[in-house]
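This note is meant for a colleague who is opening the structure for the first time.

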Amino acid sequence: MQRTRIGGVRASLLTVMASSMLLCGCGGTGGAEGSDAYAAAVKKPCAGERGTVLHADVDGDGRADVVTDPGRDSSRTRVAFGGGKTVRPGALVAPNGSGLAAASTFADFDGDGHLDMAVAAGRRDTTDDPAASAGRVQEIRFGPLGADLKGASRTRIAFDDDLFVWGLRASDADHDGRADLAVFRTAGDGQVARYDVTFDRRRARTGQQDGDNAYDVPHWPQRYKPGWSDFGTCTGD
Ligand SMILES: [Ca+2]
Ligand SMILES: [Ca+2]
């Protein structure tokens, strides 16, 4: 039986996602296909205890898939599909040898019931004065994503400049019960700045950074981690 720990605003987000998405599995490490645990898993989104594992139907084939993000910094995100295939989303926009670093995460950003993917890639920039053209890709791919994660349509996350993106996190920054996106961009001088992106259907609205949303580069992954715990926590992994 599925068990979740839900509270406060996150319960609202979970309710919306659970009722509209029917996307996430949470039977242990994905559950055995055909088992009761698996059947329950595909009806209720949930995250692992530490928010580093998301059980969801990423490709929209009705089978639960497992997304892992070991450091919750979105740089090592992997998807293990129910059929056995494994994909590293970052490699789609930052192939080996490209010299680019990638970040990726998942949520239903436009609220249509299909899981979407946020992905970014750029040339790593640790300078004190950030390069405005370091970012090469920063976009949302709207579901159904399919096994190739190409998505049904895409929208660019348009900032005034294209600074290097250290990481991405699904969250609910404006507490409306819908998934938003936190984009962590370089701020120079050893800092990472958080920008909250909200969605009007498939239009991405980029927020302004203020002084309260700046973190030291080594510490930003620990300083802000609602991430997949917004989906509610499932047990077993
Ligand atoms: Ca699937
Ligand atoms: Ca969607």
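1. Strands here are DSSP runs of E of at least two residues, helices are runs of H or I of at least four, and both are numbered from the N terminus; two strands pair if DSSP finds at least two bridges between them.

2. The model is a predicted one, in which local features need pLDDT of at least 70 and side-chain atom pairs count only at pLDDT 80 or more, while totals for chains, interfaces and linings use all residues. Residues are numbered from 1 along each chain as its sequence is written, and chains are lettered from A and ligands numbered from 1 in the order in which they are written.

3. On confidence, the protein chain averages a pLDDT (the predictor's confidence in each residue, from 0 to 100) of 78, and 74% of the residues score at least 70. Over residues 1–41, however, the pLDDT is below 50, although this stretch has 96 contacts in the model beyond near neighbours in sequence. A contact means that the C-beta atoms of two residues, placed from the backbone, lie within 7 Å.

4. As for the overall make-up, the secondary structure of the protein chain comes to four helices and 16 strands. Of its 237 residues, 48% count as buried, a term that requires 20 or more other C-beta atoms within 10 Å of the residue's own, with 12 or fewer making a residue exposed, values in between making it partly exposed, and C-beta atoms placed from the backbone. Among contacts between residues at least 6 apart in sequence, 54% join residues at least 24 apart.

5. The pair β9 and β10 belongs to an open sheet of four strands, whose order is β7-β8-β9-β10 and whose pairing is antiparallel. Because β7 (101–107) and β10 (153–156) stand at the edges with a single partner strand each, one side of each is left without a neighbour in the sheet. From one strand to the next the twist averages 20 degrees, the angles being taken between N-to-C directions of lines fitted to C-alpha atoms, on a scale from 0 to 180 degrees.

6. With 20 other C-beta atoms within 10 Å, Leu-149 is buried. Most residues other than glycine have a negative phi, and most peptide bonds are trans.

7. Another set of strands is built around β4 (residues 65–68), which pairs in the antiparallel sense with β3 (residues 53–56) over four bridges and with β5 (residues 78–80) over three bridges. Val-66 in β4 stands opposite His-55, and its bridge partner in β5 is Ala-80. In the loop between β4 and β5 lies Ser-74, whose phi is near 70 degrees and thus positive in a residue other than glycine; Ser-74 counts as buried, with 27 C-beta neighbours inside 10 Å.

8. Within strand β5, Val-79 counts as buried, with 23 C-beta neighbours inside 10 Å. Leaving aside neighbours within four places in sequence, the contacts of Val-79 are Val-58, Asp-65, Val-67, Thr-86, Val-87 and Pro-89.

9. Strand β11 (residues 165–171) has seven of its seven residues buried, so it is largely enclosed by the rest of the structure. β11 and β12 (residues 180–188) pair in the antiparallel sense over six bridges, and Val-165 stands opposite Arg-185 in β12.

10. Which residues touch the most other members of the largest nonpolar core? Of its 49 residues, they are Ala-102, Phe-106, Val-165, Leu-168, Leu-181 and Val-183, where a nonpolar core is a set of buried Ala, Val, Leu, Ile, Met, Phe, Trp, Tyr and Cys residues joined through C-beta atoms within 7 Å. Leaving aside neighbours within four places in sequence, Leu-181 is in contact with Phe-109, Ala-118, Leu-168, Ala-170 and Val-197. In soluble globular proteins, nonpolar side chains tend to be buried together.
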